[in-house]
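Reader: Hello! I am new to this structure and would like to walk through it with you. Could you show it to me before I start asking?

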Amino acid sequence: PHEVKDHTLGHLRSQVAETEAYLSSHLRLYQIHSATLESGVLDDDAVLDELRNLRATKGWKLGLSLSGTQQSEVLERAVKTGIFDSVQATWNLLEQSAGNALEEAHDAGFQVIIKEGMANGRLLQKPPLLGAAREMGVEPDALALAAVVAQKFSPVVLSGAVT
């Protein structure tokens with residue numbers, strides 16, 4: 001499979017050990033990758049307790065990246081746990097469904113990191129964006145990223161460009 005989502009306690013512990021071996025004292029933010037409702041990570045008390053322990057003993061900030069069609073629902077659940085400091089989610093001019101949940105997370109103190117800010121290059125093929133950029137005298141990629149940066153949830157933006 002393209003990606004295996006194993007959010008069990010045993011896997012978390014092995015990943016923490018591997019992460020520490022490579023990054024040791026440089027680590028500031030530990031993120032769970034691709035949290036979904038189906039992965040069950042936000043319902044696993046043992047994993048959540050381990051994350052609390054990592055925050056308390058190592059001083060790490062904790063985050064999660066979201067994937068799939070239920071980003072908003074996963075984020076709302078994550079906020080309710082009181083464990084996380086950061087979220088990485090998709091938001092761009094083509095995909096804005098998580099916008100309200102990102103605003104709520106930001107208001108709750110989350111750092112918001114946006115992935116795919118340029119929709120993996122798909123935005124640069126959209127005539128409305130190209131026309132607006134031409135009218136404004138700016139490059140279309142700059143306009144697309146400016147639209148993300150201007151959001152109320154004050155994101156750090158990963159471009160999501162295709163090379």
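Reader: Thanks! Which residue with a positive phi follows α4?

Author: Happy to start there. Please keep in mind that this is a predicted model, where local features need pLDDT of at least 70, side-chain atom pairs count only at pLDDT 80 or more, and totals for chains, interfaces and linings use all residues. Residues are numbered from 1 along each chain as its sequence is written, and side-chain values use heavy atoms, with hydrogens and water left out. As for your residue, its phi is near 105°, and the residue that follows α4 is glycine 109.

Reader: What order do the elements of the protein chain follow from the N terminus on?

Author: The chain has six helices and five strands. These are DSSP runs numbered from the N terminus, with helices being H or I of at least four residues and strands being E of at least two. Read from the N terminus, the order is α-β-α-β-α-β-α-β-α-α-β.

Reader: How many of the 163 residues, as a percentage, count as buried?

Author: Buried means under 20% relative accessible area, exposed means over 50%, and partly exposed lies in between, using a 1.4 Å probe and protein chains only. Applied to the 163 residues of the protein chain, buried residues come to 40%.

Reader: Which strands stand at the edges of the sheet?

Author: In general, strands of a sheet pair through backbone hydrogen bonds, either parallel or antiparallel. Here, two strands pair if DSSP finds at least two bridges between them. The open sheet has five strands with parallel pairing, in the order β1-β2-β3-β4-β5. Two of them have a single partner strand each, so one side of each is left without a neighbour in the sheet: β1 (29-35) and β5 (156-157).

Reader: And which residue of β3 is the bridge partner of leucine 64?

Author: Strand β2 covers residues 61-66 and β3 covers residues 86-90, and the two pair in the parallel sense over three bridges. The partner of leucine 64 in β3 is valine 87.

Reader: Within what arc do the buried residues of α4 fall?

Author: Helix α4 (residues 99-107) has Gly99, Ala101, Leu102 and Ala105 buried. The arc is that of the directions from the helix axis to the C-beta atoms. The buried residues of α4 line one face of the helix, because their arc is within 160°.

Reader: Which exposed residues are on the face of α4 turned away from its buried side?

Author: Let us look at both sides. The buried residues of α4 are covered by elements including α3 (71-81), β3 and β4 (111-115), where contact means heavy atoms within 4.5 Å. The face turned away carries the exposed residues Asn100 and Asp107.

Reader: Are α1 and α2 roughly parallel or roughly antiparallel to each other?

Author: Axes are lines fitted to C-alpha atoms, for helices over the stretch in contact, and angles run from 0 to 180 degrees between N-to-C directions. Helix α1 (residues 9-23) and helix α2 (residues 45-58) pack at an angle of about 25°, with axes 9 Å apart. Angles under 35 degrees count as roughly parallel, over 145 as roughly antiparallel, 65 to 115 as roughly perpendicular and the rest as oblique. The two helices are therefore roughly parallel.

Reader: Where is leucine 129 found, and what is its relative accessible area?

Author: Leucine 129 is found in helix α5. Apart from residues up to four places away in sequence, leucine 129 touches Leu93, Leu123, Pro140, Leu143 and Ala144. Leucine 129 is buried, with a relative accessible area of 7%.

Reader: Which side-by-side residues of α6 are buried, and what arc do they cover?

Author: In α6, the buried residues are Pro140, Leu143, Ala144, Ala147 and Val148. What covers them includes β4, α5 and β5. They sit on the same side of α6, because they cover an arc of only 140°.

Reader: Is isoleucine 113 buried or exposed?

Author: Isoleucine 113 has its place in strand β4. Its contacts, leaving aside neighbours within four places in sequence, are Leu29, Gln31, Ser86, Val87, Gln88, Ala89, Val156 and Leu158. With a relative accessible area of 11%, isoleucine 113 is buried.

Reader: One last thing: what is the relative accessibility of serine 154?

Author: Serine 154 is found in the loop between α6 (140-149) and β5. Phi of serine 154 is positive, near 45°, in a residue other than glycine. Serine 154 counts as partly exposed, at a relative accessibility of 48%.
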